[in-house]
Amino acid sequence: MSRVLKDINIEIGARIKEKRLAQKLTREELAQLSGYTANFIQEVERGRSGLSSESIRAMSIALKVPADTLLFGDVSEEYAHILQELKKVPPQKRAHIIKIIEEAIICAQ
């Protein structure tokens, strides 16, 4: 019986591989840092194995990235320019802008 690859496992595996390669780590090095085997790392990167919350935590610590980055990707990078602009706004006006954004999110739901 062949295993069905879940999209989420494939996505998380790709993010782990991307972060590992960006740090110039081998699978063996990541395995050593995370406490798992290189074979497990390979299976995860290919999307063939899912991760438990414990293994996501271990991978995020080993790769020095937040766990949500492994789960959802680098969402913060998409909004970095907005955050930079928001930092330029005086604190009193910033609170007003944040309130508007929060209300817009509520309306969009």
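Reader: Is Glu45 buried or exposed?

Author: Buried means under 20% relative accessible area, exposed over 50%, and partly exposed in between (1.4 Å probe, protein chains only). Glu45 has 8% relative accessibility, so Glu45 counts as buried. Keep in mind that this is a predicted model, where local features need pLDDT of at least 70, side-chain atom pairs count only at pLDDT 80 or more, and totals for chains, interfaces and linings use all residues. Residues are numbered from 1 along each chain as its sequence is written, and side-chain values use heavy atoms, with hydrogens and water left out.

Reader: Which side chain meets Glu45 in a salt bridge?

Author: Side chains of opposite charge can pair when their charged atoms come close. The rule here asks for a side-chain nitrogen of Lys or Arg within 4 Å of a carboxyl oxygen of Asp or Glu. Glu45 pairs up with Arg27, at 2.9 Å from N to O. Arg27 lies in helix 2 (residues 27–34) and Glu45 in helix 3 (residues 38–45), so the pair ties together parts that are 18 residues apart in sequence. Helices here are DSSP runs (H or I, at least four residues), numbered from the N terminus. Arg27 has 23% relative accessibility, so Arg27 counts as partly exposed.

Reader: How many salt bridges are there by this rule?

Author: The count is 4. One of them links Glu85 and Lys88, at 3.0 Å from N to O. Glu85 is partly exposed at 45% relative accessible area, while Lys88 is exposed at 62%. Salt bridges with shared partners also join Arg20, Arg27 and Glu45 into one network.

Definitions and conventions
Helices (H or I, at least four residues) and strands (E, at least two) are DSSP runs, numbered from the N terminus.
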